[in-house]
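Subject: Handover of a model, with notes on what was found

Dear colleague,

I am passing on the structure below, and my notes on it follow. Please read them with the coordinates open beside you.

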Amino acid sequence: MVTETHLEAELRRVAGAVPDPELPVLTLEELGVLRAVHVFGPGRVEVELTPTYTGCPAIEAMSSDIERALHDHGVPEVSVRTVLSPAWSTDDISAEGRRKLAEFGIAPPRPQPADGGPVPLTLSVRCPHCGSTDTELLSRFSSTACKALRRCVSCREPFDHFKEL
């Protein structure tokens with residue numbers, strides 16, 4: 001197991017604080033896509049980033065935003081490497097990220113069982129506005145491929161649901 005240095009931890013905080021370009025209420029750290037920061041020498045840093053799905057169009061914006069943030073922090077040479085394994089999962093979203101999604105009006109994905117066992121099939125999605133589980137699917141896709149558009153039957157408000165992956 002490789003231990004993160006103090007400098008790598010500091011640079012991870014800088015890179016992790018970059019907002020997601022599609023969900024700016026979340027940071028890349030909260031979204032769980034920032035995998036690692038490695039310092040390879042004076043002024044040379046590599047960041048490992050995992051997209052929410054292969055082909056995610058936001059990965060380019062995330063990479064350039066990380067590069068800009070680290071350049072602004074005084075790192076002259078930054079490379080961002082896309083890492084596909086292990087694949088990103090909605091389980092990678094932090095508790096704070098899930099809280100922010102709900103506060104922003106997006107139903108967060110339901111957590112998976114901690115033991116890695118079978119995923120219980122639950123068809124209800126809680127409305128982030130009123131808390132009702134009486135919701136209906138309007139479209140399997142919303143403003144991004146990783147969200148679905150739903151409507152609450154109780155309060156009639158539409159909302160995005162971050163799909164479980």
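Why is strand 7 (residues 158-162) largely enclosed by the rest of the structure? Four of the five residues of strand 7 are buried, where buried means under 20% relative accessible area, exposed means over 50%, and partly exposed lies in between, with a 1.4 Å probe and protein chains only.

Before going further, please note that this is a predicted model, in which local features need pLDDT of at least 70 and side-chain atom pairs count only at pLDDT 80 or more, whereas totals for chains, interfaces and linings use all residues. Residues are numbered from 1 along each chain as its sequence is written, and side-chain values use heavy atoms, with hydrogens and water left out.

Overall architecture

The protein chain has four helices and seven strands, helices (H or I, at least four residues) and strands (E, at least two) being DSSP runs numbered from the N terminus. Along the sequence these elements follow the pattern α-α-β-β-α-β-α-β-β-β-β. The C-alpha trace spans about 55 × 35 × 25 Å along its principal axes, and buried residues make up 40% of the 165 residues in the chain.

An unreviewed UniProt entry carries the annotation "domain: MIP18 family-like" for residues 16-83; UniProt positions are given in the numbering used here, feature names are shortened, and annotations may be inferred rather than shown by experiment. Over residues 16-83 the chain is 28% helix and 29% strand, with the end C-alpha atoms 16 Å apart.

With strand 4, strand 7 pairs in the parallel sense over two bridges, and here A107 stands opposite H161. With strand 6, strand 7 pairs in the antiparallel sense over five bridges, and A148 stands opposite H161 in that strand. The hairpin of strand 6 and strand 7 has five residues between the strands, and in this hairpin R156 takes a positive phi near 70°. Strand 6 (residues 147-152) also pairs with strand 5, in the antiparallel sense over four bridges, with T135 standing opposite C152 in strand 6.

Salt bridges

Side chains of opposite charge can pair when their charged atoms come close. Taking a salt bridge as a side-chain nitrogen of Lys or Arg within 4 Å of a carboxyl oxygen of Asp or Glu, the count comes to eleven.

One of them joins R44 to E77, with the closest N and O atoms 3.6 Å apart; this pair links distant parts of the chain, R44 being in strand 2 (residues 44-49) and E77 in strand 3 (residues 77-82), 33 residues apart. R44 is partly exposed at a relative accessible area of 39%, and E77 is partly exposed at 46%.

Another salt bridge joins R81 to E46, with the closest N and O atoms 3.4 Å apart, and this pair too links distant parts of the chain, with R81 in strand 3 and E46 in strand 2, 35 residues apart. R81 counts as partly exposed at 38% relative accessibility, whereas E46 is buried, with a relative accessible area of 16%.

The side chains of R99 and E96 also meet in a salt bridge (2.7 Å, N to O). Because they are three residues apart in helix 4 (residues 95-104), R99 and E96 are separated by about one helical turn. R99 is partly exposed, with a relative accessible area of 39%, and E96 is partly exposed as well, at 34%. Salt bridges that share partners join E46, E48 and R81 into one network.

The cavity

A search of the whole structure finds one cavity of 30 Å³ or more, a cavity being, on a 1 Å grid over the protein atoms alone, a set of points where a 1.4 Å probe fits but cannot get out. About 50 Å³ of space lies in the largest cavity, grid points being joined across faces, edges and corners and a volume being the space filled by probe spheres set on the points. Its lining residues, which have an atom within 4 Å of a point, are D20, E22, L23, L31, T52, C56, A58, M62, C146 and F162.

With kind regards

Methods
Pairing = 2+ DSSP bridges. 1 Å grid on protein atoms, 1.4 Å probe; cavity = no way out; pocket = protein on both sides within 12 Å on 5 of 7 lines; lining within 4 Å.
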